[in-house]
Amino acid sequence: MKKILTFVLLFTMVAISAQEKSKSKKIEIQVSGICDMCKSRIEKAAFKTKGVKFAEWNTETKSLSLIINERKTDVLTIQKSMAAIGHDTEGAQATNEAYNGLHGCCKYERTFGGDDSCKKDCTKPCCKDKVKSSCCASKGAVKTSCASKK
Ligand SMILES: [Cu+2]
């Protein structure tokens, strides 16, 4: 009798823990980007990630709404997929190479950091107030808005 009870209890526990990982969980993550080109690039990469059922990126809020299968993927995996195509997230940042590969109009400000973001000791005008990408790190190709203030 005791054995049966233990078995039932164990089975219940397994059933509960299995339910914790939802097959279709709604999540939202912040993904840096600017335009409709970014939108399609971000959504395409999200859908390519295993376990992602739905993906929609909002150009206004920079928020990526997702429905994921938690048994197949997690937030960090998706953030890494975004970083791989050049879009920074809180959990994973793109390499300079990936970021520089973006179309000119897609070069967002790297507020999450990343290789190319402004260094703290940078004295360029464009970096004084807030962190701007492609400003300090790049030797030649400084943004026109930055260069004009010099
Ligand atoms: Cu874009």
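Mentor: Let us start with a term: two residues are in contact if their C-beta atoms, placed from the backbone, lie within 7 Å. Please keep in mind throughout that this is a predicted model.

Trainee: Against which strands and which helix do the buried residues of H2 pack?

Mentor: The buried residues in helix H2 are Cys 38, Arg 41, Ile 42, Ala 45 and Ala 46. Seen down the axis of H2, these residues fall within an arc of 130 degrees, so they line one face of the helix. The elements they pack against are strand E2 (52-57), strand E3 (63-68) and helix H3 (75-84).

Trainee: Why does Ala 45 count as buried?

Mentor: Ala 45 lies in helix H2, and its contacts, leaving aside residues up to four places away in sequence, are Ser 81, Met 82 and Ile 85. A residue is called buried if 20 or more other C-beta atoms lie within 10 Å of its own. Ala 45 counts as buried because the number of its C-beta neighbours inside 10 Å is 22.

Trainee: How many bridges join E2 to E3?

Mentor: The two strands form a hairpin with 5 residues between them, and in the turn Lys 62 has a positive phi of about 60 degrees. Across the pair, Trp 57 stands opposite Leu 64 in E3. The strands E2 and E3 run antiparallel, and the number of bridges joining them is 5.

Trainee: Which residues does Leu 66 touch, not counting residues up to four places away in sequence?

Mentor: Leu 66 is one of the residues that touch the most other members of the largest nonpolar core, a group that also includes Ile 42 and Met 82. With residues up to four places away in sequence set aside, Leu 66 touches Ile 27, Ala 46, Val 52, Phe 54, Ala 55 and Ile 78.

Trainee: From which element does the largest share of this core come?

Mentor: The largest nonpolar core has 16 residues, and at least two of its residues are supplied by each of H2, E2, E3 and H3. The largest share, 4 residues, comes from H2.

Technical notes:
Residues are numbered from 1 along each chain as its sequence is written. This is a predicted model: local features need pLDDT of at least 70, side-chain atom pairs count only at pLDDT 80 or more; totals for chains, interfaces and linings use all residues. A residue is buried if 20 or more other C-beta atoms lie within 10 Å of its own, exposed if 12 or fewer, and partly exposed in between; C-beta atoms are placed from the backbone. The arc is that of the directions from the helix axis to the C-beta atoms. Two strands pair if DSSP finds at least two bridges between them. A nonpolar core is a set of buried Ala, Val, Leu, Ile, Met, Phe, Trp, Tyr and Cys residues joined through C-beta atoms within 7 Å.
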